[in-house]
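Visitor: I would like to learn how to read the place where two chains meet. Could you walk me through it?

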Amino acid sequence: MSEEKPKSLLSDWRVRIFIIALLLSLVAIQPWYSTDEGFDTNLDYGLDLEGGSWLQVSLQGAVIQANVDSGMTASALVENIVGSPVEVVNVIPPSEGQSTTTISLKTQASVTQSQLNQLGLSDSSVSREGNLSEITLYTTEQQLIATYLSEELNAEVIPYAVPGGVEYEIRTKAEQENVENLLSDVGGFLLTDENGDKLYREGVRTETRDLTKEILSEKLNALGLKDIPVRTVGDEYILMDFAGIDLTTAKEIAQKPGKFEIRMQTEGNNTKHVLYGDDISSVGVPSRHDGQWYTPFKLTLDGANALQEAAIEAGAVNDPNSHWLYMYLDDEEVYGAPLSPSAASRIRTNPIYSWEASTGADNESKAQAEQLQIHLRAGALPVNVKLMGSGQVDASLGDQFKMQAIIAGLLSMLAVAGVVFRRYGKKQILVPMVATSVSEVLMILGFAAAVGWQLDLPSIAGIIAVIGTGIDHLVIITDEVLYEGKLPPTKVYLSRIARAFSIIFAAAATTIIAMSPLVVMGFGALKGFAITTIVGVLIGVLIARPVYGKVIKEVLQEKGEGQ
Amino acid sequence: MALFIDKLENFIKSHNERQLVTIPLAVFAIALLIMVFVYSTSGSPVNLGMEFKGGTMISFQTDDPIEKLEADYSAYSLADVRKTGQRAVLQFGPMENDEQLELEKKITSAYSFVEIRQVGAVYGKDLQVQALQAVVLSFIGMAIVVFLIFRSTIPSLAVVLSAFSDISIAAAFMNITGIELSLGTVAALLMLIGYSVDSDILLTTRVLKRRGSANEKISLAMHTGITMTTTTLAALVVMYIVSTYSYVLTSTVSQINLLSDISIVLIFGLLADLMNTWLLNTGILRWYVNKNPKGVKT
């Protein structure tokens, strides 16, 4: 309606911005009608209006920093596998600038090199004299802590170097008390920060969370269904939206691991099954050494034996280059390489638990190594996840909600118009007021369409909140302008508008501040509500309501002159 | 409406400040007592809904009577069955993943227009803490902004007190009518902070920064303020009716619980706000203005 006003109004920059914003919103929303598809727009709707289901999972883990007694830890580790007491003979701490600790142990039980390899302590030697086994381990405190916690908690434990120390990420639920008990069994304890707080926190590292998200995303979207967005919520939660899929199917999809398989080339193009993804016990972070990128991974006892058997049977131990190892994910080849000469000769006598898949030297190889890490993980996520929440809305129900929300919105607007008309009894006030309110809604929707926001029920509640405060503010402007019951001269009018806006800005500021904790804390459903409210209030006070102040003056003036 | 404003105006003019604040303070005290009572029986000042306690809500369209639904699903820690029109709403306590999956399969294959919401007990606890933090932080943030705007203690305190009373009365009302705290009602309580402060800021600005006698400024502010609140109330009443009672027209239509809860809580919050703004806040403000005529334009 402002377009029809004389030049003076159109020359105002606020009015121009308002018109441009409104036009842009319409372009973004793109309302259109076709006979076969009916009325449609460019707006995205959330699952509760569109139909679909969602799953929210939490990542279970803990991140700690700790110290242990190296000798006690090593003996506890070995005791666990041999099943009888192990005595510490000698511990030589690392020399200056080195990290390797040398630990000598002895026990009456017989110990094999293979048992130590299985623990990942392959840098070691075993000798048996009389009825005593003497073991020498060359290891680091970092490796000892990680291996010890990993064995005790039956989960992966990954050390990361951080400024001033090493962080251990335990990739399963591990209560602080439990971890402290385990540490104190081997003469260790949790380190404390400068405030004296223990360095233990629930959850996982952000990198791990992102990796989990990527694996889930890869897995879900590899199924060729619709695009399934996987989002992280805070540091602990991952949210998956399955548009148009019911909850039962969604759960099946999410729980079904990808099928990972390692096969060995036998003759020509033939390959033979070696092991499946469940025999891969852990996958490390890609790293670069000797000029190559590697993805490290470990096999279970069965997996290592199966690989050894296959390598001997196929003859890869003698001629690795004509008996490659291939990896498949859901029957698609994702990696292939021969055994390295050293691995080929070692595997002849002992199964190998720790492997490294090399991808090459360049940057592309780095990307390949990272991709391989995800593929190797396909059978299982890096951390334990627990279902925290889920939901489903039928598409038909979503349609009905949408319809009802639109009807509620329109009727609310009518009710507001009725009250305004009763109060002022002038359509010169009613029309601009309702038009301003409608334009605010359009601009919020336009913004939502432009940034690709999903409108769900909470954000519709937010829009309604904005309409409510919006009309409040328009009433303030109107009453301020008509303080004595009629339009004042321009100079007074301007100061009145300024006064009205001082009230409006104050009210808007409190609303925005009141909503901001929800945005920052970011817990699921109410975030949409809070963001819509804040954006709506900003659009209202900065773009739409100032223009109402201009328009109302013009319309009332016109009427005054006409009388 | 005009009649109501006139009556209120006369009431304010003909009563002293102590009399003005008595009614709202009494209602506020009753609201607090209700919350203390509920807190002592349930451990939380408002009754927590499924989203905060953990559990599963499943709703669908059916002709089956409540008794049949109860019998069919009693094996699954069924907590409550309700029916409006053809729409049944079943509430379940927390259960194992496998059991949950089985229940969901059973219901999705048997009924149409299905809605499911499940929240794990641990996550529910998490949400409780977050919701509480959000409400407290919002309130503190609002109070700080109000103090920054008016820069004088008593008028700011009056605004904050009446906002707090609005929220308390709305929460007490939820307890009386059995509306549980859900994400929707948390949103409503937060919205209430915004709405409540709107009219208080209008009143305080007008009284502190304009010329004229206190009663005159109050009644002018009241005309504006009550229009503001009634427009909002009108919108909310319509939203409540559409989201709650549409099924009366067509029995297959479902209630939109989120919008229904938000609107009814806001309606009562705003009614409380009418009282708190025009009796409590006005009473305190008029007393302050009469005591300190210096800082105020007259």
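Guide: We will go from the whole interface down to single residues. This is a predicted model, in which local features need pLDDT of at least 70, side-chain atom pairs count only at pLDDT 80 or more, and totals for chains, interfaces and linings use all residues. Residues are numbered from 1 along each chain as its sequence is written, chains are lettered from A and ligands numbered from 1 in the order in which they are written, and side-chain values use heavy atoms, with hydrogens and water left out.

Visitor: How many residues of chain A and chain B are in contact?

Guide: Contact means heavy atoms within 4.5 Å. Here, 65 residues of chain A meet 70 residues of chain B.

Visitor: What area do chain A and chain B bury between them?

Guide: Buried area is the accessible area (1.4 Å probe) that two parts lose on being put together, summed over both. For this pair the figure is about 5,900 Å², with 68% of it on carbon and sulfur atoms.

Visitor: How many salt bridges cross the interface of chain A and chain B?

Guide: A salt bridge is a side-chain nitrogen of Lys or Arg within 4 Å of a carboxyl oxygen of Asp or Glu. The rule finds three across this interface. A:E480 forms a salt bridge with B:R210, their closest N and O atoms being 2.4 Å apart.

Visitor: Which element gives the largest share of the side of chain A that touches chain B?

Guide: Helices (H or I, at least four residues) and strands (E, at least two) are DSSP runs, numbered from the N terminus. The largest share, 16 residues, comes from α13(A).

Visitor: Which strand of chain B pairs with β25(A)?

Guide: Two strands pair if DSSP finds at least two bridges between them. β25(A) pairs with strand β4 (residues 112–119) of chain B in the antiparallel sense, over five bridges. In β4(B), A:V393 has B:E115 as its bridge partner, and A:G389 has B:V119. Within chain A, β4(A) and β25(A) also pair in the antiparallel sense, over nine bridges; there, A:V393 is the bridge partner of A:G52.

Visitor: Why is β25(A) said to be largely enclosed by the rest of the structure?

Guide: Buried means under 20% relative accessible area, exposed over 50%, partly exposed in between (1.4 Å probe, protein chains only). Seven of the ten residues of β25(A) are buried, so the strand is largely enclosed.

Visitor: Is B:S59 buried or exposed?

Guide: B:S59 counts as buried, because its relative accessibility is 3%. Among the residues that B:S59 touches are B:R87, B:F113 and B:E115.

Note on methods
Lists of a residue's contacts leave out its neighbours within four places in sequence.
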